[in-house]
Amino acid sequence: MIEYRNVGMKFGTRVILENLSLTIKDHELFVLVGPSGSGKTTLIRMINRLTIPTSGQIYIDGQSVNEVDLPTLRLSMGYVLQTSSLFPNLTVGENITIQLEQKKVSLLERRQRATELLGAVGLTASDFIDRYPAELSGGQQQRVAIARALATKPQLILMDESFSALDPVLRSQMQALLLKLHDQYQMTILFVTHDMKEAMRLGDRIGVINEGHLLQVGTPTEIINYPTTPFVTNFFASAKPNLGTLPDLITTLKLKPQALKIVPQVQTVADVTKLPIKEGKLSFNFEDQSYQLEVSELLHYLGKQEQHDG
Amino acid sequence: MDKLLQMIINQHHQLLVALGQHLALSFMALLIAALIAIPLAMIFKDHRRLGEIALQVAGVFQTIPSLALLGLLIPLVGIGNPPALIALVAYAIMPIYQNTYTGLTTIDPNLEEAAIAMGLSRWMRLRRLELPMALPLIFSGIRIALVMTIGTATLAALIGAGGLGTYIVLGIEQNNNQELLIGAVFSAILALVFSVLLKVMGKSKRNLKIGFGLILLACIGWGGQKTYQHFFAQPQAEIVIAGKMGSEPEILINMYKELIQAKDPSIKIVLKPNFGGTTFLYQALKRNQIDIYPEFTGTVLKAFAKAKTTPQNPQAAYRKAATYLKTQQLTYLKPMAYQNGYDLAVTPEVANQYSLKTISDLASVSDQLTAAFDPDFSHQKDGYLGLKSAYHLQIGSVRSLEPSLRYQAIAQKRVQIVDGYTTDPEIRQFHLVVLKDDQHFFPPYQGAPLMKTSFAKQHPTVVKQLNKLSGRITMAEMQTMNYRVTVKHEKAKTVARQYLLKHHLISAKQK
């Protein structure tokens, strides 16, 4: 359990965080989300004491982080940064087990652990273990970085915008991987992001932070359905899937009413997406007119809506 | 080119010794510099202000001209290897330090943070991450230092540390392009070869390990040999005889050795030919680093005693020099016959045409002739300026030429008169005619062995033997011997021995 008790951070007169309290439960995947400059990275860095708060304390399992020996503290948790931050002079295997090397674990054991972890993050160990980071793609590098964070079997992993530099497809894959690993190992994960969609997808619970204040803490459903402040409402508005309206869809795709037998009645675009596909086509009835469209047309339309969201 | 190859083959032993000295000196300097610079950069990387200051200090060392630094070090640590090593280390520190420091301080801060956040210790970060990441830069720093060190180490010859510089200094002194080429080409090759080797070594971890292994082996081997010499080889009382640059001192010190050993073969004598310039030798003698070296009366008076005027009479000049040296606790033995002072020489054609024998003869015809003089000679009161008024010379045109180029100019008949030293081998090589200084304008330069008074008292045999040369060796004889060594590449030892035998100063049955 991680507890922030009345934590504050000031640089001169500039207030980064003010009197912030937060509890993160064991085994949960907690996402801190907020716009850049909101103080979320400062919060995560306080746990491994890269940043020292100017007031308040942080406790892990009831013990103040200040009282823990620094190497012990840092070796007991994993850390994944935005860019992969793999060490270019070390092989993938050496990168993954560098903390174990510090802990004087034998070479053989380290090698075994690296092999195991590469498998866990979906990379073939025999192919990757002796390669250098420069020979890996961005996605592969980030997988290795996650494997590295798992090396010491930590109870806690800190992730600071870990997927932000990846393209949408890779990001989605990595999110899936993270969820799978969390399921598998049940460690506590504190994940920082500015992407509310990422927060919705990953978080068991989400903390929304803005300008140094923690605005709301809750499950994704709570946050999206019962936002407590206008900022939270606005921030998550675009996270709701925006599919447009059916008339919108019909005009955009220039669909013509057709004479079709027995087709299902629909009210929204979401209904359309759930229709059974017959020979690559979807048929529906809307306001007493029947329409038919290719699946590809629908996908094209949805893709456009996605772009409008930005 | 053939001559060059021939010379390399003839002198391959000396050349190897010089190469060895050069390499040993350069590598020692490089190793010490690296052992200072790299840890320093490792300490200062976390104290940026101090780091920058250290960079400035190292830069200041870099700006001191190497010759000046060597000069400054002599009074502190004497001559030979120590000052050369110190100077080379001082120069090599800067590039190694700068590159190591830059390498360590320009590592991606993201990586540094990741390493810190993961709880890696300082030593672990340094050993596993920072040093390996900075390695390419460190290596390029070492390579820069190496090339520089091998180049600068040629100057070590000037202060008696030997090496390839000996060839360069000799080549310049004797106007011998082959010697110059040997020195320059070999040091260039040395620099290139080791630069490439270092580059290969920095390529991969495996090469690095092999490289370090070889260096370690070399160090152990070298150290072992030195230790053996130090503890097991019987140290013997020995006499060190040194000479200035050039063939003439080398012939003379070989004669000294033959003469001393003719009387007492058990005395161990070490010869240090081409040991350095006048001041270096004088200082070395005073600091007991050498025991004997041949010096000229005129040089003693001008360079050491700083006399404003020098007596025209050779005997008077010798007495004055010996008297001064006595005040310095030095003993100056009796001089040889020949004079090695300034002279004027003309081409045989001109000498015939105007029947020139003396400088006075030159006065009436001088306005029709052209001369090439050493820049010093043409502007000094005891050179051409004084000569002009003493003999009422009106030489048509006078050019200042570098000493090495003067003889070339007269050989190609571009000029008819040159200045020079009376025993220069070129006089014989180009069949020049030396004009007699009939008014005794030039100060007398007679050579004689110089040693510490305490040494002279302890070694009466040496004094007695060396005095056998007093009044010996005429100017023509010395010219011929110089010619044989410099132009014909005969060994100084052979030439010296033959002279002594011919004049019954030693007997043939002794080896």
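The model shown in every view is predicted.

**View 1. Chain B as a whole.** The secondary structure of chain B amounts to 24 helices and 10 strands. Chain B has 511 residues, and 50% of them count as buried. Among the contacts in chain B with a separation of 6 or more, 77% are between residues 24 or more positions apart.

View 2. The buried residues are Thr297(B), Gly298(B), Thr299(B), Val300(B), Leu301(B) and Phe304(B).

**View 3. Strand 10 of chain B and its two pairings.** Strand 10 of chain B runs over residues 447–452, and six of its six residues are buried, so the rest of the structure largely encloses this strand too. Strand 10 of chain B pairs with strand 3 of chain B in the antiparallel sense, over five bridges. In this pairing Pro294(B) has Pro449(B), in strand 10, as its bridge partner. Strand 10 of chain B also pairs with strand 4 of chain B, again in the antiparallel sense, over three bridges. Here the bridge partner of Tyr332(B) is Leu450(B) of strand 10. In a regular strand, side chains alternate between the two faces of the sheet.

View 4. Helix 9 of chain B spans residues 177–201 and contains Leu181(B). Gln178(B) is found in helix 9 of chain B as well. Is Gln178(B) buried or exposed? Its relative accessible area is 17%, which is under the 20% limit, so Gln178(B) counts as buried. Apart from neighbours within four places in sequence, Gln178(B) is in contact with Lys3(B), Leu4(B), Met7(B) and His489(B). Leu4(B) is 174 residues from Gln178(B) along the chain, yet their C-alpha atoms are separated by 5.7 Å. Leu181(B), with 42% relative accessibility, counts as partly exposed. Leu181(B) forms a nonpolar patch on the surface with Val185(B), Ile189(B), Val193(B) and Leu197(B). Together these residues have about 400 Å² of accessible area.

**View 5. The six-stranded sheet of chain A.** This open sheet has the strand order 6-7-8-3-9-10 and mixed pairing. Strand 6 (77–80) and strand 10 (213–218) of chain A stand at the edges with a single partner strand each, so one side of each has no neighbour in the sheet. From one strand to the next, the twist averages 15°. Strand 3 (residues 29–33) and strand 8 (residues 188–193) of chain A pair in the parallel sense over five bridges. Leu32(A) stands opposite Val192(A), which lies in strand 8 of chain A. Helix 11 (residues 230–237) of chain A packs on the sheet and touches strand 3, strand 9 (205–210) and strand 10 of chain A. The direction of helix 11 makes about 115° with that of strand 9 of chain A.

Note on methods
Residues are numbered from 1 along each chain as its sequence is written. Chains are lettered from A and ligands numbered from 1 in the order in which they are written. This is a predicted model: local features need pLDDT of at least 70, side-chain atom pairs count only at pLDDT 80 or more; totals for chains, interfaces and linings use all residues. Side-chain values use heavy atoms; hydrogens and water are left out. Buried means under 20% relative accessible area, exposed over 50%, partly exposed in between (1.4 Å probe, protein chains only). Helices (H or I, at least four residues) and strands (E, at least two) are DSSP runs, numbered from the N terminus. Patches are made of residues with over 30% relative accessible area and no salt bridge: like charges are joined within 9 Å, nonpolar side chains (Val, Leu, Ile, Met, Phe, Trp, Tyr) within 5 Å. Accessible areas come from the Shrake-Rupley method with a 1.4 Å probe; for residues, only the protein chains shown count as cover. A salt bridge is a side-chain nitrogen of Lys or Arg within 4 Å of a carboxyl oxygen of Asp or Glu. Contact means heavy atoms within 4.5 Å. Two strands pair if DSSP finds at least two bridges between them. Axes are lines fitted to C-alpha atoms, for helices over the stretch in contact, and angles run from 0 to 180 degrees between N-to-C directions.
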